[in-house]
Amino acid sequence: MTLLQLAPEESPPDHEFAATKLYQCDLPLLNYLLQDLRSLLRSFARDDLDITPHQNFTWTVHDLNRRTIVCDPDRLLTSMDVKVVGFFGDRRTDADDCAVDRIENLLHEEFRSYPGILSYSSAELIDDQWVDLVVHRVPSDRDEWRTSKVHVHAVDQLAPEMYHSVRIHNGSILGGPIGSEPVIIESTKYWDYDASPVWHATRDLPTVVAETLASQTMASTAVTDKIEGQSRLW
């Protein structure tokens with residue numbers, strides 16, 4: 001599989017899921033999940049909510065499922081910068097949802113063996129699509145996570161069967177989740193499983209582009225957070 005390098009402004013004409021305009025959709029969703037985590041942590045910091053390591057919170061908003069797993073609550077309360085991974089997959093309509101649920105549960109259990117992973121959040125979208133946000137400490141955590149046998153199986157065997165395409169954003173949150181800064185996307189990887197051979201590409205975003213995209217989402221995220229405030233469990 002050849003890895004292509006996309007320019008910051010390049011939108012491949014035959015791969016709509018890799019269009020640069022999707023950053024404008026993806027970033028608000030990732031910040032939406034960040035607000036879930038942020039609300040939990042602020043309740044924890046005020047002693048309004050007890051959180052034990054790897055505690056799993058699940059709830060629904062407008063009949064759509066949401067989840068946040070807080071792996072290391074104490075570390076998440078610090079103001080140190082953290083890294084993030086954002087996952088977007090175009091799930092096939094005939095995907096085996098039970099198989100997806102099984103592998104996700106196994107992956108969640110694997111978090112206990114990888115202390116660099118600080119939290120995991122997910123939200124159900126319409127048409128049985130999902131978005132995931134993982135917060136971790138440093139870039140090397142991603143390399144360690146790739147050694148997980150469950151993760152390797154999910155990437156190599158299940159992903160091509162479950163998804164038409166996948167894009168994964170890597171980025172950061174300055175000042176940590178407990179602060180007020182948004183997600184910054186620094187690079188993105190793409191897989192098109194419907195192409196033969198599989199199409200695989202990556203894109204690096206210059207700092208000025210990444211920061212501009214992040215600032216453009218802050219206002220919309222703040223409005224969403226106010227609207228959602230009455231829908232949370234904490």
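A salt bridge is counted here when a side-chain nitrogen of Lys or Arg lies within 4 Å of a carboxyl oxygen of Asp or Glu. The model is a predicted one, and by this rule it holds eight salt bridges. Side chains of opposite charge can pair when their charged atoms come close. One of these bridges is formed by the side chains of R167 and D26, with 2.6 Å from N to O. This pair connects distant parts of the chain, since R167 belongs to strand β7 and D26 to helix α1, and the two are 141 residues apart. Are the two partners buried or exposed? A residue counts as buried when its relative accessible area is under 20%; R167, at 12%, is therefore buried, and D26, at 2%, is buried as well.

A second salt bridge joins D194 to R92, whose closest N and O atoms are 2.9 Å apart. Here too distant parts of the chain are linked, because D194 sits in the loop between β8 and β9 while R92 sits in the loop between β4 and α3, 102 residues apart. In this pair D194 is partly exposed, at 47% relative accessibility, whereas R92 is buried, at 16%. In another salt bridge, the side chains of E109 and R112 meet with 3.7 Å from N to O, and both of these residues are exposed.

Turning to the strands, the reader can trace an open sheet of nine strands with mixed pairing, in the order β1-β9-β8-β7-β4-β6-β5-β3-β2. Why is one side of β1 and of β2 left without a neighbour in the sheet? The strands β1 (3-6) and β2 (55-61) stand at the edges and have a single partner strand each, so one side of each has no neighbour there. Averaged over the sheet, and with direction ignored, neighbouring strands are turned by 15° against each other.

Some of the pairings can be followed residue by residue. Strands β2 and β3 run antiparallel and are joined by seven bridges, with F57 standing opposite T68 in β3. These two strands form a hairpin with two residues between them, and H62 in the turn has a positive phi of about 55°. On to the next pairing, β3 and β5 are also antiparallel, over five bridges, and the bridge partner of V70 in β5 is S119. Elsewhere in the sheet, 10 bridges join β4 (residues 82-91) to β7 (residues 163-173), which run antiparallel; in this pairing R91 has Y163 of β7 as its bridge partner.

Helices lie across these strands. Helix α1 (residues 23-45) lies across β2, β3, β4, β5, β6, β7, β8 and β9, and runs at about 60° to β6. Helix α5 (residues 149-162) lies across β4 and β7, running at about 120° to β7. The buried residues of α5 are V150, H151, A154, L158, A159 and M162, and they pack against β4, α3, α4 (140-145) and β7.

How does the span of α5 agree with what its residues should give? At 1.5 Å a residue, the 14 residues of α5 should span 20 Å, and its end C-alpha atoms are 18 Å apart, which agrees. Helix α5 also has a kink of about 40°, centred on V155.

Definitions and conventions. Residues numbered from 1 in each chain as written. Predicted model: local features only at pLDDT ≥ 70, side-chain atom pairs only at ≥ 80, totals over all residues. Heavy atoms only, no water. Pairing = 2+ DSSP bridges. Helix = DSSP H or I, 4+ residues; strand = E, 2+ residues; numbered from the N terminus. Axes fitted to C-alpha atoms, helices over the stretch in contact; angles between N-to-C directions. Contact = heavy atoms within 4.5 Å. Buried < 20%, exposed > 50% of the residue type's maximum accessible area, 1.4 Å probe, protein only. Expected span 1.5 Å × (residues − 1). Bend = angle between axes of the 7 residues up to and from the residue.
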